[in-house]
Amino acid sequence: MMRTMISLLAVLTLWALPALAQDSGPLRIEITEGVIEPMPYAVPDFVAESGAERDMARNLSRVIAADLSGTGLFREIPQDAHISRITSFQSPVQYADWRAVNAQALITGTVRFDGSDRMVVQFRIHDVFAGQELGDGLQFVGTRDGWRRIAHKVADVVYSRITGEDGYFDSRVVFVAESGPKDDRAKRLAIMDYDGANLRYLTDSSNIVLAPRFSATGDRVLYTSYEMGFPRIYVLDVANVGRRVLPTLDGTMSFAPRFAPDGRTVAYSLSQGGNTDLYRMNIDGGQSTRLTSAPSIETAPSYSPDGRRIVFESDRSGTPQLYIMPAGGGEATRISFGQGRYGTPVWSPRGDLIAFTKQSGGRFHIGVMRTDGSEERLLTASFLDEGPTWAPNGRVIMFTRESRGAQGQSRIYSVDISGRNLKQVETPGGASDPSWGPLQQ
Amino acid sequence: MNYTTKAVILCAGLALAACTSPDRFEGQDTGMSGGADAGMGTGLSGSAQDPQSPAYFQQSIGDRVLFAVDQSTLSREAEATLNEQADWLSSNPDYNATIEGHADEQGTREYNLALGARRANAVQEYLVSRGVASNRLKVVSYGKERPIEICSDESCYQQNRRAVTVLAARAGS
């Protein structure tokens, strides 16, 4: 069992100063404005309450720094530039020493092992130039082997207090791990933390698996597998890795499954007689309802966060374009009108934007547009980018980038919705088709 | 009218946006042929000289047909190949076939699955129209998951936009 118990205990009232949450102070990042200059911050190693916690104290601070700096919104002041050391979590912070190295934010913390496998982490966020804490100190308790989750939770709090947005660090990604040559590629389902740590395989590589999708709660995954010789849809329980095939019509191919927000309804594509349309079924009942009925290809559905609408891809106009229809089927409205081909639309968890894959000018792009198709912006360009998935806070997108040629390989990349901070997610080998899960509880 | 011309006209009618920009998403010389390369069904028994052997089906007739970008329309060359495939299947009732539809890598994964299904179905329908019993034919799409050529140029793409007829001996025969 990988389950980690983490509880967010009450605010550390013992030390809580009357620090007001600042809405207009200097320690504030407005993400929507597109940050040019990252905020400098310092995170000294957490204070170890005894020698036993020293490595853990350092590891926690390094993961917190990797999370924050990895957003591109924050810039760490390197530890060797610090002129003051935090040796006691309780002692007053010498703010002048942190102003001198130009750290606007300072994160201090402490870690204590408690019993055989538990640990207690306490931390504070400081507004260095205001000379006071930003909000109250907090405490997390969890298992030691779940230490990275605790670090992510600390970083999520820092991110949230400074940006006013929810964080996304304590989240996981399900994806397809790839190995082998391009004409005989082995694929298996895998899950990892958002930063690539704690990778675990969910299937073996004996059958092609494609395009997994998390449920809204992150406990189950839908995917397409050739286990029966034909593309069929499977649902997998993340905790116990149990899986079952969903009942779809014999003699057909089914693929592109997506959960509705209710966690019970599944929209998917079914190919019969060469024609691909959209259907939906109740994951427990198994009865399918047809949502589209056209001789064209209808695929890649994605529900709006309220579950009332579906955005999907269709080539009914002659080229693949994006359409929105009611979740129960019915008249569809085209929303993509730019030059090129559009595919794999994915509705933002905030409901405001739709991410998509676009082919134009000989290249592939990941882009976003408003739900009425306006304000299209392309965030990336390469030989082959496809399959966007949203961070739980709707501010970052992961996608698949495949390199060109016979040695071409797929990797997962992430990019801000501003188009900044493009970077590869660390995976041990090839990786494709990411689906970003929710913030963990 | 040769196939290239036909493909360009089709493309102009159906996919204006993709055809107006000189990019790699449009077909160049599609070089249609029946294709007689060894395919997924290599290792079938018999001699390519024996017209009743699977090896003859695969190598002499050709087990695959190729398609233009985004298209599932059969070219004349493809129809000629499929006519021979249908004749062979009619005279060799001990074999069934699975038709595998494939796409090149220029497209999203799920769209290409649907496109491969169209191509496999076009072959199935043609073979049935030539007298092969439909219950002897199954279709499966691999989308862009199983390219036979791996370069990222049209020379490879045109070999990957294919439907392959894979023979299987019927149970009990």
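Two strands pair if DSSP finds at least two bridges between them. Helices (H or I, at least four residues) and strands (E, at least two) are DSSP runs, numbered from the N terminus. In strand S4 of chain B, Ala163(B) is the bridge partner of Val65(B). This is a predicted model, in which local features need pLDDT of at least 70 and side-chain atom pairs count only at pLDDT 80 or more, while totals for chains, interfaces and linings use all residues. Residues are numbered from 1 along each chain as its sequence is written, chains are lettered from A and ligands numbered from 1 in the order in which they are written, and side-chain values use heavy atoms, with hydrogens and water left out.

**Sheet and helices of chain B**

- An open sheet of 4 strands in chain B runs in the order S1-S4-S2-S3, and its pairing is mixed.
- Its edge strands, S1 (64–66) and S3 (137–143) of chain B, each pair on one side only.
- From one strand to the next the twist averages 20°; axes are lines fitted to C-alpha atoms, for helices over the stretch in contact, and angles run from 0 to 180 degrees between N-to-C directions.
- Helix H5 (residues 109–129) of chain B packs on this sheet and touches S1, S2 (95–102), S3 and S4 of chain B; contact means heavy atoms within 4.5 Å.
- The direction of H5(B) makes about 155° with that of S3(B).
- S1(B) and S4(B) (residues 162–169) are antiparallel and joined by 3 bridges.
- In helix H3 (residues 54–62) of chain B, the buried residues are Pro54(B), Ala55(B), Phe57(B), Gln58(B), Ile61(B) and Gly62(B); buried means under 20% relative accessible area, exposed over 50%, and partly exposed in between (1.4 Å probe, protein chains only).
- These buried residues of H3(B) pack against S1, helix H4 (76–91), S2 and S4 of chain B.

**Nonpolar cores**

- A nonpolar core is a set of buried Ala, Val, Leu, Ile, Met, Phe, Trp, Tyr and Cys residues joined through side-chain atoms within 4.5 Å.
- The largest such core has 49 residues, of which Phe46(A), Leu60(A), Leu68(A), Phe74(A) and Ile162(A) touch the most other members.
- Helix H3 (residues 147–163) of chain A gives the largest share of this core, 9 residues.
- Domain 1 (39–163) and domain 2 (171–439) of chain A each contribute at least three residues to this core; the domain bounds come from an automatic or database domain assignment.
- Phe74(A) touches residues including Ile29(A), Pro38(A), Leu68(A), Tyr159(A) and Ile162(A), with residues up to four places away in sequence not counted.
- Another core, of 25 residues, lies apart from it and has Ile61(B), Ile99(B), Ala117(B) and Ala163(B) among its members.

- S2(A) pairs with strand S4 (residues 74–76) of chain A in the parallel sense over 3 bridges, and Phe74(A) in S4(A) is the bridge partner of Met39(A).
- S2(A) also runs parallel to strand S5 (residues 105–114) of chain A, with 2 bridges between them; in S5(A), Ala105(A) is the bridge partner of Tyr41(A).
- Val63(A) lies in helix H1 (residues 54–70) of chain A and counts as buried because its relative accessible area is 6%.
- Val63(A) and Ala151(A) are 88 residues apart along the chain, yet their C-alpha atoms are separated by 6.1 Å.
- Leaving out residues up to four places away in sequence, Val63(A) touches Trp147(A), Arg148(A), Ala151(A) and His152(A).

**Sheet S20-S21-S22-S23 of chain A**

- This open sheet of 4 strands has antiparallel pairing.
- S20 and S23 (333–334) of chain A stand at the edges with a single partner strand each, so one side of each is left without a neighbour in the sheet.
- S20(A) and strand S21 (residues 309–314) of chain A are antiparallel and joined by 4 bridges; Val311(A) in S21(A) is the bridge partner of Ser302(A).
- Pro301(A) is in S20(A) (residues 298–303) and counts as buried because its relative accessibility is 1%.
- Beyond its neighbours within four places in sequence, Pro301(A) is in contact with residues including Ala256(A), Tyr268(A), Leu278(A) and Phe312(A).

**Interface between chains A and B**

- The contact takes 51 residues from chain A and 37 residues from chain B.
- About 3,700 Å² is buried between the chains, 55% of it from carbon and sulfur atoms; buried area is the accessible area (1.4 Å probe) that two parts lose on being put together, summed over both.
- Lys182(A), Ile297(A) and Arg341(A) supply 14% of the area that chain A buries against chain B, more than any other three residues.
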